[in-house]
Amino acid sequence: MIDVKKLHKSFGSLKVLQGIDLHVNKGDVVSIIGPSGSGKSTLLRSINLLETATAGEIWVDGKLITQPDMRLHPGENAQVIIKAHYQDPYSLRRRVGMVFQHFNLFPHKTVLENMIYAPMTVKKESREVAVERAKELLESVGMLDKIDVYPATLSGGQKQRVAIARALAMEPDVMLFDEPTSALDPEMVKEVLDVIKKLANSGMTMLLVTHEMGFAREVSDRICFLDEGVLIEDAPPEIFFSTPKSDRAKAFLEKVL
Amino acid sequence: MQLDFSILIKYLPDFGAALMVTLEVTVCSLLLGLLFSIPLSLFKISSIKPLEWFASFYTSIFRGVPLMVQVFMMYFGVPLVLPVKFTAFTAGVLVFSMNSAAYISESMRGGIKAIDKGQYEAAMALGVRYGAMMKDIILPQAIKSVMPSLVNEFISLLKNTTLIASIGLVDILRVGQLIQSRTYRAFEPFFAIAVFYYILVMALSFLGKLLERWVNKSDRR
């Protein structure tokens, strides 16, 4: 589903990602953990093209979404690769849903309008179809009773549940979660995690940047440990949390567990 | 000197017609100005340098040249060098709307800059293209913060339209001058005009408040 190959990203002289290789199968739930500043969010945002990689390639569903990196294709012709595989950012983003730390609901639109805006504008769905799906999704995240209110009236947890439903309204193949509970008051974390867990159990392919170790352990098929822009460990949760191989992962786990 | 406001009574129909002219020029200029200001403010935040330069140059001209000079330039000057002919109304509306566009775009730029970048990212992550994102997500939110200065612009526009009397359009001020030349009285007509404008501006401020409350309806808890 997602193939990240030798991904580099620099902001000026700051090297945030230094050659990440990551493979995510369809239906996988992969949690990306690591100290702050390790490049977790940048990796996630690169997959949705909110950041442009400096070098390396990202493939989603067999389509190349970044510029071809010729160093990865010695002897091949860039034009051929682009023609055969390249997909423009807009069609990619329709298939990759993203949930942000700060929700980013549109404050001037009601919950329903937030839900149906992109399906109607981007996928050109009729209002009836979009409203129908919006209601189903809001029902599934327990927010149907707030369908006509503006986001300002919602709590953080409620906003995030709406934001998840909004991303799902585009019927994505992959969902990216960028620290979805980090901006929440503690008592609201669970309601959001419950929604994400339900989604994980439904077979959705998910990449999750999180600081909730217990949750990552519970829902993930794999844990990716990132430190200083390098993917240090990539293992099933039971192995990673019980017997981390690297010293850095051990030190990190000692601090957070 | 005895004041005698009754001399104004027979000019009331003229005042009525002139009021319509003033309002027409003001409203047309504001709407056109608002329309022009949108591309102009987008130019100002654009990453394409020539567009940005053009927009700031445009604004500096309308800020730097007195409004009266702009009006004379448009009405008397431009038709001599370009194959165009303006009525006083057209020339006035053109100058005032171009002028408003310069000022509105400046506050609009501030309004757009103040929008959280998460709003852009959320729209982009949903696959929304630049045009739709600006039209549906960014500008409607920017308008909210621009609303107070928009009301101010409307008010100063209304007052500035008195300048079109100088190119012969019969607005409220011009009617006052006509009355003065016919009756040799100055206090009564100009006092009446002052009251006219004062009431108009108060009414506009009130409408502006209502409008502000309306655009901010989504903020209420």
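In what follows, two residues are in contact when they have heavy atoms within 4.5 Å of each other. The model is predicted, and by that meaning of contact the meeting of its two chains takes 24 residues from chain B and 25 residues from chain A.

**The interface between chain B and chain A**

- The size of an interface is often given as the accessible area lost when the parts come together.
- Chain B and chain A bury about 2100 Å² between them, and 62% of that area lies on carbon and sulfur atoms.
- On the chain B side, the residues that lose the most area to chain A are A125(B), L126(B) and S218(B), which together make up 28% of what that side buries.
- Between the two chains there is 1 salt bridge, in which the side chains of E121(B) and R45(A) come together at 2.7 Å, N to O.

**Two helices within chain B**

- The axes of helix α1 (residues 12-44) and helix α7 (residues 172-183) of chain B come within 8 Å and cross at roughly 150 degrees.
- Because angles over 145 degrees count as roughly antiparallel, α1(B) and α7(B) are roughly antiparallel to each other.
- From α1(B), the residues D14(B), F15(B), A18(B), L19(B) and T22(B) meet I172(B), V175(B) and I179(B) of α7(B), and this contact has 6 nonpolar, 1 polar and 1 charged residues.

Terms used: Residues are numbered from 1 along each chain as its sequence is written. Chains are lettered from A and ligands numbered from 1 in the order in which they are written. This is a predicted model: local features need pLDDT of at least 70, side-chain atom pairs count only at pLDDT 80 or more; totals for chains, interfaces and linings use all residues. Side-chain values use heavy atoms; hydrogens and water are left out. Buried area is the accessible area (1.4 Å probe) that two parts lose on being put together, summed over both. A salt bridge is a side-chain nitrogen of Lys or Arg within 4 Å of a carboxyl oxygen of Asp or Glu. Axes are lines fitted to C-alpha atoms, for helices over the stretch in contact, and angles run from 0 to 180 degrees between N-to-C directions. Helices (H or I, at least four residues) and strands (E, at least two) are DSSP runs, numbered from the N terminus. Angles under 35 degrees count as roughly parallel, over 145 as roughly antiparallel, 65 to 115 as roughly perpendicular and the rest as oblique. Ala, Val, Leu, Ile, Met, Phe, Trp, Tyr, Cys and Pro count as nonpolar, Asp, Glu, Lys and Arg as charged, and the others, Gly among them, as polar.
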